Amino acid sequence: MAGGVSVSGPAVGARPRGRAAIARLADPLRDRVAVAAVGLFTHGDYPLARTLDYPGDPGLFGPGSMTWPVVADTAVFVGGIRALLVQAAHPEVAAGVAEHSHYRQDPLGRLTRTAAYVTATSFGAMPEVEHAVAAVRRRHRPVTGRSGRGAPYDAADPALAAWVHNSLTDSFLAAYRAYGSRPCPAADADRYVAEQRRAGALLGADPLPQTAGELAAWIVGAPDLAPSAAGREAVAFLRDPPLPAAIRLAYRALFRAAAATLPDRIRAITGVATRPGDLQLGLATIGALRWCLGSSPDWQVALARTGAQAPPEARFRSAAPAVRGVPGVSG
């Protein structure tokens, strides 16, 4: 997830003459798209602004993890929407969001806070991870009440924390496997889920499935899922949020791409329908965004902190200006 970034111009270096000419024409368009997309996540402080104060700290996952390439890929945009749709299938989770958040009045603020948590826990040094987890625990402390069906909820309940955490893990993975920059075989998927158990444990979530297959089965088989008024309201908001006109069309494609990856049971509970071609639309949209944005600059910042080399699939087009000492970027 990106936050507080600036977009670089065309890279300086040897290029074939034809490619250089195309780049001169294309780069302004790519930059405009990048600025519009990144602007959604810049309504707060950049969570890695001081990350280079912790040189060598691998954080919760580190350079050799699956978490870094999964969360750094543009498919994460689809994963984020999907996670919110899955969460809306749980009446108590949906009620907690409806009654204790201001997502209708301040959707970009809530989006930034969620993105900051994912950024800090995925790419931050351990002090930044611990700070992000503590902030979430503080925000969750007063989130208690009863859902529309009369069941009590408490955001600190390990089972509800597990639904939120596991739906995010499952959704990021499902989006990456459907739309990511490279194939994600079963062993890599299992490794990602095993890594995410560390983050879930810090939040007190329980249970935390151990493999991708176990996680997907746990999501589909959860006994407490049901339609609810709060869930329907959340889905209606996600279907048509108050976004700037310049990015509304792209968002609708991302929503359809997210819907295409939902399990049938979740789709039935939330009332989210799909259309033929949604997967292909998702592939085209994510491919275009990847061309414009490249890999998340948060990954680049984490690599700089740990002194690790960028892997071949990393393609950085933007940098985090609030973080001094990060190497330059290329187109």
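Reader: Why is E195 called buried?

Author: Buried means under 20% relative accessible area, exposed means over 50%, and partly exposed lies in between, with a 1.4 Å probe and protein chains only as cover. The relative accessible area of E195 is 5%, which is under 20%, so E195 is buried. Such areas come from the Shrake-Rupley method.

Reader: What kind of model is this, and how are its residues numbered?

Author: This is a predicted model, with residues numbered from 1 along each chain as its sequence is written. Local features need pLDDT of at least 70 and side-chain atom pairs pLDDT 80 or more, while totals for chains, interfaces and linings use all residues; side-chain values use heavy atoms, without hydrogens and water.

Reader: What makes the contact between R191 and E195 a salt bridge?

Author: A salt bridge is a side-chain nitrogen of Lys or Arg within 4 Å of a carboxyl oxygen of Asp or Glu. The closest N and O atoms of R191 and E195 are 3.9 Å apart, so the pair meets that limit. Side chains of opposite charge can pair when their charged atoms come close.

Reader: How far apart are R191 and E195 in helix α8?

Author: They are four residues apart, which means a separation of about one helical turn. A helix here is a DSSP run of H or I with at least four residues, a strand is a run of E with at least two, and both are numbered from the N terminus.

Reader: Which residue does D188 meet in a salt bridge?

Author: D188 meets R191, at 3.6 Å from N to O. These two are three residues apart in helix α8, again about one helical turn. D188 has 16% relative accessibility and therefore counts as buried, whereas R191, at 33%, counts as partly exposed.

Reader: Where does R252 lie relative to D240, its salt-bridge partner?

Author: The closest N and O atoms of R252 and D240 are 3.9 Å apart. This pair links distant parts of the chain: R252 is in helix α11 (residues 245-260), and D240, 12 residues apart from it, is in the loop between α10 (229-239) and α11. R252 has a relative accessible area of 41% and is partly exposed; D240, with 48%, is partly exposed too. The whole structure holds 10 salt bridges.

Reader: Why does R137 qualify for a patch of positive charge on the surface?

Author: Patch residues have over 30% relative accessible area and no salt bridge; like charges are joined within 9 Å, and nonpolar side chains (Val, Leu, Ile, Met, Phe, Trp, Tyr) within 5 Å. R137, in helix α6 (residues 126-140), is partly exposed at 40%, so it passes the 30% limit. R137 gathers with R138, R139 and R141. Lys and Arg count as positive, and the charge of Arg is placed at CZ.

Reader: How many disulfides are there?

Author: A disulfide is a pair of cysteine sulfur atoms within 2.5 Å, and by this rule the count is zero. Among the cysteines, C184 is buried at 9% and C292 at 6%.

Reader: What is the peptide bond from D206 to P207?

Author: That bond is cis, with omega near 10 degrees. Most peptide bonds are trans. P207 sits in the loop between α8 (186-202) and α9 (212-221).

Key: Accessible areas come from the Shrake-Rupley method with a 1.4 Å probe; for residues, only the protein chains shown count as cover.
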